[in-house]
Amino acid sequence: MQVYILDSSAIFLRKGLYPSMITVSKVLKEIKDVDSVNYLSLLDIKVRDPEVESVEVVKSAARKTGDVYKLSDTDLHLLALALDLKKEGEEPIIVTDDYSIQNVAKVFGIKTDSIVQRGIREEFKWIRICKGCKRRVEKGKTCPICGSEVYLVRVKKENSGENSGEKI
Ligand SMILES: [Zn+2]
């Protein structure tokens, strides 16, 4: 059976659209803003933590691929849960846009599903901005510079030049 494993950004971006969903308790701990907590409470999503040994297996694979420093504990747990489910004969699919998670998942033959829906031209993207210093933050929910909370902002994608061919 296909089981979709959601990472935190899948929750923040309201992608709880799958028939069978699961996540780890570390993701729940990252969901703190009231809107997201309310959203999460409406979802039919299971919570389960991975086996300790699976976390170690994932860590050692991530060391080999060079992703270990880019993966948070939460990321490692999501991957390890996928391993556990796979061992049990399920078909885990991790819902994430995190490149390092996708990379390590590939090592184990675990599928991933990009949060940005395929087939739809995305004109907007989400970026993280620090509430304190207004810096753009790549990862996590606090600013690495000033430690303030980070919020998501929808911005228009920079033009990649795809439309330039339209001119006559
Ligand atoms: Zn800051």
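1. Leu6 counts as buried because it has 26 C-beta neighbours inside 10 Å; the term buried requires 20 or more other C-beta atoms within 10 Å of a residue's own, whereas 12 or fewer makes a residue exposed and anything in between partly exposed, with C-beta atoms placed from the backbone. Leu6 lies in strand 1, and, leaving aside neighbours within four places in sequence, Leu6 is in contact with Ile11, Gly16, Met21, Thr23, Val27, Ile45 and Val95, where contact means that the C-beta atoms, placed from the backbone, lie within 7 Å. Leu6 and Tyr18, 12 residues apart in sequence, are 9.5 Å apart in space, C-alpha to C-alpha.

2. This is a predicted model, in which local features need pLDDT of at least 70 and side-chain atom pairs count only at pLDDT 80 or more, while totals for chains, interfaces and linings use all residues. Residues are numbered from 1 along each chain as its sequence is written.

3. The chain has 6 helices and 8 strands, these being DSSP runs numbered from the N terminus (H or I, at least four residues, for helices; E, at least two, for strands). Read from the N terminus, the order of elements is β-α-β-α-α-β-α-α-β-α-β-β-β-β. Of the 168 residues, 27% count as buried, and among contacts with a separation of 6 or more, 53% are between residues 24 or more positions apart.

4. Val3, also to be considered here, lies in strand 1 and counts as buried because it has 20 C-beta neighbours inside 10 Å. Val3 and Ile93 are separated by 90 residues in sequence, yet their C-alpha atoms are 6.1 Å apart in space. Not counting residues up to four places away in sequence, Val3 touches Ser20, Ile22, Leu85, Glu90, Glu91 and Pro92.

5. The largest nonpolar core has 29 residues, of which Ile5, Leu6, Leu78, Leu79, Ala82 and Ile94 touch the most other members; such a core is a set of buried Ala, Val, Leu, Ile, Met, Phe, Trp, Tyr and Cys residues joined through C-beta atoms within 7 Å. Two or more residues each come from strand 1 (2-6), helix 1 (8-12), strand 2 (21-23), helix 4, helix 5, strand 4 and helix 6, with helix 5 giving the largest share, 8 residues. Ile94, leaving aside its neighbours within four places in sequence, is in contact with Ile5, Asp7, Leu78, Ala82, Ile101, Ala105, Ile110 and Thr112.

6. Within helix 6 (residues 99-107), the residues Ser100, Ile101, Val104 and Ala105 are buried. Viewed down the axis of helix 6, its buried residues fall within an arc of 135°, so they line one face of the helix; the arc is that of the directions from the helix axis to the C-beta atoms. These buried residues pack against helix 4 (52-65), helix 5 (73-87), strand 4 (91-95) and strand 5 (111-113). Gly109, which follows helix 6, has a positive phi near 65°.

7. The axes of helix 4 and helix 6 come within 10 Å and cross at roughly 105°, axes being lines fitted to C-alpha atoms over the stretch in contact, with angles from 0 to 180 degrees between N-to-C directions. That makes helix 4 roughly perpendicular to helix 6, a class covering 65 to 115 degrees, whereas angles under 35 degrees count as roughly parallel, over 145 as roughly antiparallel and the rest as oblique. Val58, Ala61, Ala62 and Thr65 in helix 4 meet Asn103, Val104 and Val107 in helix 6.

Key
Two residues are in contact if their C-beta atoms, placed from the backbone, lie within 7 Å.
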